[in-house]
Amino acid sequence: MTPDHDIVIIGGGINGCGIARDAAGRGLKVLLCERDDIAAHTSSWSSKLIHGGLRYLEQFEFRLVREALREREVLLKIAPHITRPLSFVLPHDKRMRPAWMLQVGLWLYDNIGGPITLPKSQAVTFPNDQCGQSLKPGYKKGFIYSDLQVDDSRLTLLNALSAKEKGATILTRTKCVSAKRHDGMWRVVLQDHEGVRTEVTAKAVVNAAGPWVKEVAEDVLHLKTKATIRWVKGSHIVVPRLPGASHAYILQNDDKRVIFVIPLADKYSLIGTTDVTVRTLDAAEQISPKELDYLLAAVNRYMTTTLTYADVVWTYAGVRPLYDDGESNPSQVTRDYTLQVMDAEGQLPLLTVFGGKITTYRELAIHVLEKLKPWFPGLRGEWTATEPLPGGDTPSVTALFNGLQARYSGLPKDYLFALLRRHGTRVTRILGNAEVVEDLGTRFGPHLTQREIDYLMAEEWAITADDILWRRTKAGLGMSADEKRAVADYVFSVAPGRM
Ligand SMILES: Cc1cc2nc3c(=O)[nH]c(=O)nc-3n(C[C@H](O)[C@H](O)[C@H](O)COP(=O)(O)OP(=O)(O)OC[C@H]3O[C@@H](n4cnc5c(N)ncnc54)[C@H](O)[C@@H]3O)c2cc1C
């Protein structure tokens, strides 16, 4: 008997979806199951940066930094609508790492990833340079360098969408409850949200369950594993945009950790993150009062504005699933990924993904397929560096926006721009022949209409209000409780039985 799939992937975070896309595009028959929503966990709780990670240079993680720096240029090309270059201001004073060390680090950052289109780093002085206007007057000099901002949950979703368009089966709200090798194939049991179980068969299984990788290994695959995963929680707060903070800031704290202050949407600043080792995942997706104080104190030390609890409009927390390299300081644990293939005595492969970053998901997927190649000899070559993700097939976001403005001149510019930042060239699939905003049905919030919700439910697996407000869009930011309830009521009225 031939298995009905080549690969079953467990987990619909960035790693699972990236592997699904790459594998489907190389001609493999792929099934991905995600027990919640696509990007429901770590892959929507990141700092939303495609970055080499300046501080990883200090840890001599040159391979990781080089790969990550190269990915900035790749993702800017294949997903220009959901990424954007961001300049980071790094204020400097005597209490920090010496200036020469930062200069060496920034030189490496500009050069070890190969040619870059992003602006190179430079030294700056305050208040001469505008970029320092949010900083307290005591800071006189610093540096500025570039990285990329990304919509992390949409990046994950676009990978899932692309995988589907290349023939993969993507099952959300479907948990993998058991997988075992039997009669020359993997037999994988899936359970949907109503408790209905089905069995599928495959040649290979990939465990990409992020923080749950060990739980899946032990409870689903019935393997005895040594603890190889470390959970390091990171929390963020969102406040109204700090005055003058259209740049991002990287602020060194007394404990030598760095805190980012990053522009989010058009009106907010995102501040994070913390590094706290946790022993259980229960409640780890909630910020603690201690973390809140830590982040507020870091910003208040550097910025002219004094933030209090009352300024915080949203918080989120996630757990980094890090490969345990035995390091005692959570900030020093490697952010690199490790792939483990289990195929003892010629058995069909089980590939387990430990660690990884949003930034390196595409390269991780390439390495996964390299490792699986012996079982799929006809596998096609690498392709994901050049083919745009859905909606990313435009050489210029500005030109796309100008064209949209001309075609949809009766729609508000800020709405058009928000829509473009989510759907790129696919905006027209939502707007159709709309001339004014009333043509798009109920307006649930400044940047969310009924037409888009219908599209997200039909095309992007959205089922609940949270899927729409926080993952497919960030329209939830700035919407009142009543407005959000109206979205939930609408979603329920359209598909009452779906959840
Ligand atoms: C605070 C913080 C900040 C970060 N900032 C950055 C950053 O700026 N840049 C960057 O590059 N990286 C960043 N990262 C790292 C990055 O977010 C993660 O490494 C990445 O999202 C992990 O993706 P994943 O697919 O492995 O895990 P996840 O996104 O958690 O996906 C795993 C999925 O598996 C599913 N699952 C579990 N068990 C089962 C089962 N039995 N059946 C079916 N599905 C199952 C879960 O529901 C989950 O959705 C950050 C991480 C954190 C926590």
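This is a predicted model: local features need pLDDT of at least 70, side-chain atom pairs count only at pLDDT 80 or more; totals for chains, interfaces and linings use all residues.
Visitor: What radius of gyration does the protein have?
Guide: Happy to start there. The C-alpha atoms fill a box of roughly 70 × 55 × 45 Å along the principal axes. A compact globule with 499 residues would have a radius of gyration near 23 Å, which agrees with the value for this protein, 23 Å.

Visitor: How many helices and strands are there in the protein?
Guide: Both kinds of element are present, and the run of DSSP states sets the count. The protein has 13 helices and 20 strands.

Visitor: Which domains does the domain assignment give?
Guide: Two of them are built from separate stretches of the chain: domain 1 covers 5-42 + 153-226 + 335-375, and domain 2 covers 84-148 + 230-323. Domain 3 takes 397-494.

Visitor: How many residues does the contact take from domain 1 and from domain 2?
Guide: The C-alpha centres of domain 1 and domain 2 lie 33 Å apart. On the side of domain 1 that touches domain 2 there are four nonpolar, five polar and one charged residues. The contact takes 10 residues from domain 1 and eight residues from domain 2.

Visitor: Which element gives the largest share of the shell around the ligand?
Guide: The ligand is surrounded by 39 residues, and the closest are Gly11, Gly13, Ser43, Gly210 and Gly234. At least two residues of the shell come from each of α1 (14-25), β8 (174-182), α5 (213-220) and β16 (314-323). The largest share, four residues, belongs to β16.

Visitor: How do the residues of the shell around the ligand divide into nonpolar, polar and charged?
Guide: Domain 1 and domain 2 each contribute at least three residues to this shell. By class, the shell around the ligand holds 16 nonpolar, 16 polar and seven charged residues.

Visitor: How many residues does the largest nonpolar core have?
Guide: In soluble globular proteins, nonpolar side chains tend to be buried together. Here, buried residues make up 48% of the protein. Val8, Ile9, Ala20, Val30, Leu32, Val206 and Val261 have the most contacts inside the largest core, and that core has 125 residues.

Visitor: Which residues does the second, separate core include?
Guide: This second core has eight residues. Among them are Ala418, Leu419, Leu420 and Val427.

Technical notes. Residues are numbered from 1 along each chain as its sequence is written. A residue is near a molecule or strand if its C-beta atom, placed from the backbone, lies within 6 Å of it. Ala, Val, Leu, Ile, Met, Phe, Trp, Tyr, Cys and Pro count as nonpolar, Asp, Glu, Lys and Arg as charged, and the others, Gly among them, as polar. Domain bounds come from an automatic or database domain assignment. A nonpolar core is a set of buried Ala, Val, Leu, Ile, Met, Phe, Trp, Tyr and Cys residues joined through C-beta atoms within 7 Å. A residue is buried if 20 or more other C-beta atoms lie within 10 Å of its own, exposed if 12 or fewer, and partly exposed in between; C-beta atoms are placed from the backbone. Two residues are in contact if their C-beta atoms, placed from the backbone, lie within 7 Å. The radius of gyration is taken over C-alpha atoms; the globule rule is 2.2 Å times the number of residues to the power 0.38.
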